There are 2 protein chains.
Amino acid sequence: MKNSNYLYLQFADVIEKQIKTGLLNVGDKLPSIREVCAETGYSMSTVSKAYYEVESRSLIESRPQSGYYVSNISARTIPEPSPSSPILKCENIDREDLIDQVYGNMMDKDITMLSLGFPSNELLPIAKLNKGMVQAMRQLPNSGTSYEEVQGNLNLRKEIARWSFSWGGSLTERDIITMPGCTSAISHCLMTLTKPGDTIITESPAYFGILQLAKSLGLYIMELPTNMTTGIELDALKKALSSKKVTLCLLMSNFSNPSGSMMPVEHKKEVVKLMEFYNIPLIEDDIHGDLYFGSSRPTNCKTYDESGIVLCCSSVSKTLAPGYRAGWVSPGKFKKEILRNKIYHTLSSPTITHEVVGDFLKNGRYENHLRKIRQILNRNCNNYINTVLESFPAGTKVSQPQGGFFLWVELDKKIDTAAFYHLAMKHNISIAPGRIFSFQNQFSNCMRLSFGLPWTNELRQSIQTLGQLAAKQL
Amino acid sequence: MKNSNYLYLQFADVIEKQIKTGLLNVGDKLPSIREVCAETGYSMSTVSKAYYEVESRSLIESRPQSGYYVSNISARTIPEPSPSSPILKCENIDREDLIDQVYGNMMDKDITMLSLGFPSNELLPIAKLNKGMVQAMRQLPNSGTSYEEVQGNLNLRKEIARWSFSWGGSLTERDIITMPGCTSAISHCLMTLTKPGDTIITESPAYFGILQLAKSLGLYIMELPTNMTTGIELDALKKALSSKKVTLCLLMSNFSNPSGSMMPVEHKKEVVKLMEFYNIPLIEDDIHGDLYFGSSRPTNCKTYDESGIVLCCSSVSKTLAPGYRAGWVSPGKFKKEILRNKIYHTLSSPTITHEVVGDFLKNGRYENHLRKIRQILNRNCNNYINTVLESFPAGTKVSQPQGGFFLWVELDKKIDTAAFYHLAMKHNISIAPGRIFSFQNQFSNCMRLSFGLPWTNELRQSIQTLGQLAAKQL
């Protein structure tokens, strides 16, 4: 239950209460928006926003040309994937061949790419971006053909700073360095702050790209126990920090890749305190932060960072235009070092696409677009969860992310998802096998499914096929 | 003297011979193009191309509304800067503060930026690139908002492969990986092939960005003696390779930054043989290769590489559009490793600008544009050399690059160009002090001047001011 001054949120809370207390039951049809308006005197806009909001909380679902119904998920207890329990040792099992296999056919249009973590083209505002490109050519000196200043496009930096208010930040353009993508931002942070042989802490499971990046820099990775709902286990983190020589932590506090976990506010605060106490930098990957399903943008660790110990990285590659290579870092007290590292390795970002993104933020188009993409991802997510629960063998566990792109699915221990990947590929379906998300022997019965693809009957069938294949394995 | 089947080149050779043999003397006016046509029966086009060609060999110069004259440079013996003689030890003097100073005011429009190595806006075909951008939005799937395949834009790769014929290469699109810039390409090569503590070989002086990049990766840099005309000294290279543990070499075989040196063909062949013999990769930075002043594109080391030991890096940042971040590497036998490193650190290049560059190469616009920019740079270079020789104290030595962007100027040993930099900045002129191009105590009486700025009276005065300042120092 949220407290809010907005009428539509208050009304949404009322509906949520009615469902939670059993006044409304699974399958019940809600009154039409028109009926509610007549009854309550609320405007059409208020009521429809309230319904959207309750839908985004997975409590009701819209059925085309029929109306809103109390959803299955509202009542169902969904079995949650197990927390991870990696050993507290830096292992280094080679996953490169498996990763090469999964991502080698990234461009094959005949394959249903449940393995890939980026928005499908249908989700991108391409026409508006094209207009922005023409505009940017007009307004940029030399139409964006020149190098930009090393810290990056001023327009974009100002808008990212303004945008930081959405998560409780108060950055200025001086606190931001642009980068050609979030991966590149994290790469610059790691290169600047570590040297080979150093140990860094990550969640477990963690995004394989980050694991491989760290490994390629000669780092040891200490994977810590992680809860699939609340993220990294704080006790384990405290213990690791106090007993081991750690150079930095790298976390996704919001809608982590691949688990979908979101750290509660108190955890975020506590992590920042720990980092300050041990004087250890935190690289925060907040690339999914804007893709929340709830009523407001979650904070991140950077929100609570007063000493500049957090380097917060993000981009628009998951929300707007991966091909624009528009990312950034707010590097806290490490600005000078990161700037130098950028000069040495990257020099400059693509001038024109960064200007387009700056304009998109400035004129409110980004906010409008995010509202749409969040709603679609939320619906997709609910549809995926429902279909997984219906089609997969009993005992299958699935995460319930509150945002982002990914479902984490835990199958029966007898199923090896690396073999399952090949099985699925025979049906032209690509999944991301769990074991690529760790350097240890973990998650071999798990997989990551991306819900960034548009929901269609074919997609439903693909997930059903996966469920049947899983059943056959048992 | 060049042998050629082209009539205009044959005629250019005749004029060169007349100057070299004293038939034409300094200050002599050449007959007008019309007169020559009448006399020889050659077409206007042939004669004017021949005059351009002789001008590009610095033998004649055009005076506005007057005609062509035998140039000063044709007869003058220009004192050549001394070869370097670094010690054969890996030193590591910190230059970061000096570099920060020189490049901190990179965007200040009131300063004459003789320190910066990129083409001024007047040299860029901005209108045509803008048209290309609109075209690329139309032809790319999703208007270039999506990720591209990891190896990079196919259109661009095909065109770079085709372009490789100009330097005697025979690459295919499979032999090329695109990168967001040449610096980024070199960064990926270094990250892939080295580990901290390794020793690499460079020329001396070497581009400070490369020195800093290597240092930031924990590498030791062995700077080798270098001739300002012919590049790295082969005897020193042989000695170093046979007696020291070296991980790789990093060279600019054409129009090196900052010395402007170009390795003779035989040196290029010999270097490749040495690399093959010792099985040591050569990272070749060929970013200036297309900016030759002579009659044909020089080869590079990659031309003679049969075993795949050369990783040849380049971009269009010095010729077309620095802000487009369009670079590449032809990685030879290291393709798989470089590709993985790209996935981990960069993932993808900016999709749309790479498509624009691909189209620009395909429809012949790049070739046309290069012809113009080469001619302008060549004239600029001659004007710079003349003005330096006229304005600087006797004993000043200056390089005579056959292409690229940079003059290397050696002043009297009593002048410290780091102090001279501050002196010049009081007159709003920025130069690149010699010592940033080495980690050893070298080149403190040298400086690098970029001739990428358009030649104007103000620019002439700026160089004259530098000359007067230098004279006052003595």
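This is a predicted model: local features need pLDDT of at least 70, side-chain atom pairs count only at pLDDT 80 or more; totals for chains, interfaces and linings use all residues.
## Where the chains meet

Chain A and chain B touch each other. The contact takes 52 residues from chain A and 52 residues from chain B. The size of an interface is often given as the accessible area lost when the parts come together. Here, the area buried between the two chains is about 4400 Å². Carbon and sulfur atoms give 61% of that area. On the chain B side, three residues lose the most area to chain A: Thr145(B), Tyr147(B) and Tyr344(B). Together they make up 18% of what that side buries.

Charged side chains also pair up across the contact. The count between chain B and chain A is 6 salt bridges. In a salt bridge, the side chain of Asp100(A) meets that of Arg340(B). The N to O distance there is 2.5 Å.

## Space inside

Rolling a probe the size of a water molecule over the atoms shows where empty space is left. How many cavities of 30 Å³ or more does the structure hold? There are 11. The largest cavity has about 450 Å³ of space.

The lining of the largest cavity has 30 residues. Nearest its centre lie Tyr147(A) and Leu347(A) from chain A, along with Thr183(B), Tyr207(B) and Lys318(B) from chain B. Several helices take part. In chain A, α12 (335-345) supplies at least two residues of the lining. What kinds of residue line the largest cavity? The lining divides into 18 nonpolar, 8 polar and 4 charged residues.

## A buried serine

Ser430(A) sits in strand β15 of chain A, which spans residues 429-430. Is Ser430(A) buried or exposed? Its relative accessible area is 0%, so Ser430(A) is buried; the cut-off for buried is under 20%.

## An exposed lysine

Lys472(A) belongs to helix α16 of chain A, residues 457-473. Its relative accessibility is 68%. Exposed means over 50%, so Lys472(A) counts as exposed.

How far apart are Lys472(A) and Asn300(A)? In sequence, 172 residues separate Lys472(A) from Asn300(A). In space, the two are 42 Å apart, C-alpha to C-alpha.

Technical notes
Residues are numbered from 1 along each chain as its sequence is written. Chains are lettered from A and ligands numbered from 1 in the order in which they are written. Side-chain values use heavy atoms; hydrogens and water are left out. On a 1 Å grid over the protein atoms alone, a cavity is a set of points where a 1.4 Å probe fits but cannot get out, and a pocket is an open set with protein on both sides within 12 Å along at least five of seven lines; lining residues have an atom within 4 Å of a point. Grid points are joined across faces, edges and corners, and a volume is the space filled by probe spheres set on the points. Helices (H or I, at least four residues) and strands (E, at least two) are DSSP runs, numbered from the N terminus. Ala, Val, Leu, Ile, Met, Phe, Trp, Tyr, Cys and Pro count as nonpolar, Asp, Glu, Lys and Arg as charged, and the others, Gly among them, as polar. Buried means under 20% relative accessible area, exposed over 50%, partly exposed in between (1.4 Å probe, protein chains only). Contact means heavy atoms within 4.5 Å. Buried area is the accessible area (1.4 Å probe) that two parts lose on being put together, summed over both. A salt bridge is a side-chain nitrogen of Lys or Arg within 4 Å of a carboxyl oxygen of Asp or Glu.
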